[in-house]
Each structure stands twice: as structure tokens, then as C-alpha cells.
Amino acid sequence: MQTTTIMVYLFCYVTFFLFSWISKINNSQRLINDEGIFTSNPRNLIGFHIMGIIWIGIIPIVLLKHSIWKVLIGNEILDRSFVFLYILIFILILTIVFKQSKYASQKTQEPFKSTVHLSSPFFISYFIVRVLFLFVYELWFRGFLLFDSIGWVGINAAVTGNVFLYVLLHIFNSKKEMLACIPFGILVCFLSILFNAAWPAIILHIGVSLVYELTIYRSYLYPSKIARL
């Protein structure tokens with residue numbers, strides 16, 4: 001049973017890794033890069049997220065038959081001190097991300113950075129799919145995989161392996177983003193273990209993504225030529 005479960009994780013991860021590599025080649029892995037340039041393949045970007053939802057969301061849920069509710073919510077009564085700590089961490093991280101996104105949004109407004117804007121329907125579709133993607137992404141990484149790994153090899157090895165696989169998925173991005181994945185990966189693992197549930201990692205990751213990318217989106221709300229998607 002354990003061997004079968006490991007093979008399912010390996011199959012889903014390798015497939016998703018290949019998707020990430022292909023999307024990088026096609027410039028459809030990120031909404032906006034470190035230079036403030038918007039993706040030239042927005043439709044492919046949404047397609048990449050949908051494939052991620054399928055391969056690390058639907059497929060492992062069907063094959064592993066884990067209880068989504070148990071992994072998502074846990075079965076322990078929330079400790080008020082832990083909740084307070086989580087709120088402080090959440091506010092701190094989002095404040096840092098907001099400042100970084102303001103800097104990135106300034107890049108998008110520099111001359112010749114971008115001459116075409118994306119339509120509002122695209123952004124609505126993108127953010128809906130993005131939230132769903134991050135939900136299953138963290139449910140898989142800091143839920144199914146993390147807790148199964150803890151049962152197999154213990155907390156220290158499980159967290160180390162989880163962070164390593166997380167960082168490896170970002171090998172196609174900038175070195176700065178890869179390095180940032182190390183403390184963030186450790187943090188979301190810590191929070192999931194602390195609450196014995198995946199919801200803290202899911203909420204934090206979605207919050208970080210929305211704060212960053214919605215700030216970028218606002219920088220595109222000035223008159224320009226709109227690309228109809």
C-alpha cells in the first residue's frame with residue numbers, strides 16, 4: 001500500500017514538473033516576470049493551472065482516496081495562542097509581499113515594458129483558476145504529501161523532502177524566487193504541522209498570491225490598447 005502511494009505521488013509530481021518545464025519554454029508559467037513583463041501566452045497560463053488542478057488535485061484525490069476534509073481541516077480543537085500566532089505571521093508576510101508587489105508594479109509602468117493590456121474577462125478567469133490551483137497545490141504539498149511523509153520518515157525528513165521538492169519545482173524561475181521558496185516552504189510546513197491541517201498553508205499561499213498579483217493588476221488599469229482574449 002505504501003509503495004503504491006509513493007508511486008502515485010512520484011507520478012503526479014514528475015508529470016507536473018514536466019508541465020512546469022514546458023510552460024517555462026512557452027513563457028506561460030507566470031503572470032508577470034521579475035522584469036515586470038507580462039506573459040505573452042495568457043491562455044497557456046490558464047491552461048497550465050488547469051493541468052495542475054488535474055494532476056496534483058483530481059488525480060491524487062481519486063487514486064489515494066484520502067479524506068479531503070480531514071487533511072484540510074484536521075481533527076483537533078484550535079488553540080487560541082496558535083491562531084493568534086498565525087494571524088501575526090499572516091499579516092507580516094502579506095505586508096512584505098505588498099511592498100514587493102508595489103516595486104514590481106512600478107516596473108510594469110516603465111516605458112516600453114508593455115504596450116498591450118489584457119482584458120478584464122481574462123483577469124477574472126485567471127484569478128478564479130489561480131485560487132483553485134493554489135488550493136489543490138497546497139492540499140497536495142502541505143496536506144497529503146507532508147502528512148503521509150511524516151508517517152513514513154518522521155517530521156524532520158518529511159519537511160526537508162517537502163521543501164526540496166517545492167524548491168525544485170521553481171528551478172525554472174529566478175534564483176531569487178528559488179531561495180525565497182526555502183523559508184516559505186519551511187513556514188507553511190510548520191504551520192500545517194502546528195495545526196495538523198493544510199488550511200493554514202492554503203490560506204497563506206492564496207493570500208500571498210492575490211496580494212502580489214492584484215497589485216500588479218492595478219498597474220494595468222490605465223488607458224491602453226486591450227488585447228481581447
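**Briefing: core, pocket and overall make-up**

The largest nonpolar core holds 61 residues, and those with the most contacts inside it are F122, F123, Y137, W140, F141 and L204. Two or more residues of this core come from each of α1 (2-25), α2 (42-64), α3 (68-73), α4 (80-108), α5 (120-153), α6 (155-169), α7 (175-195) and α8 (199-218). The largest contribution, 15 residues, is made by α5. The model described here is predicted.

**A residue of the core**
- W140 is among the residues with the most contacts inside the largest nonpolar core.
- Apart from neighbours within four places in sequence, W140 touches Y9, C12, Y13, I56, P60, L145 and L146.

**The second largest pocket**
- Eleven of the lining residues are nonpolar and four are polar, while none is charged.

**The chain as a whole**
- The chain contains eight helices and two strands.
- Read from the N terminus, the order of elements is α-α-α-α-β-α-α-α-α-β.
- Of the 229 residues in the chain, 46% are buried.
- Among contacts with a separation of 6 or more, 81% join residues 24 or more positions apart.

Methods:
Residues are numbered from 1 along each chain as its sequence is written. This is a predicted model: local features need pLDDT of at least 70, side-chain atom pairs count only at pLDDT 80 or more; totals for chains, interfaces and linings use all residues. Side-chain values use heavy atoms; hydrogens and water are left out. A nonpolar core is a set of buried Ala, Val, Leu, Ile, Met, Phe, Trp, Tyr and Cys residues joined through side-chain atoms within 4.5 Å. Buried means under 20% relative accessible area, exposed over 50%, partly exposed in between (1.4 Å probe, protein chains only). Helices (H or I, at least four residues) and strands (E, at least two) are DSSP runs, numbered from the N terminus. Contact means heavy atoms within 4.5 Å. Ala, Val, Leu, Ile, Met, Phe, Trp, Tyr, Cys and Pro count as nonpolar, Asp, Glu, Lys and Arg as charged, and the others, Gly among them, as polar.
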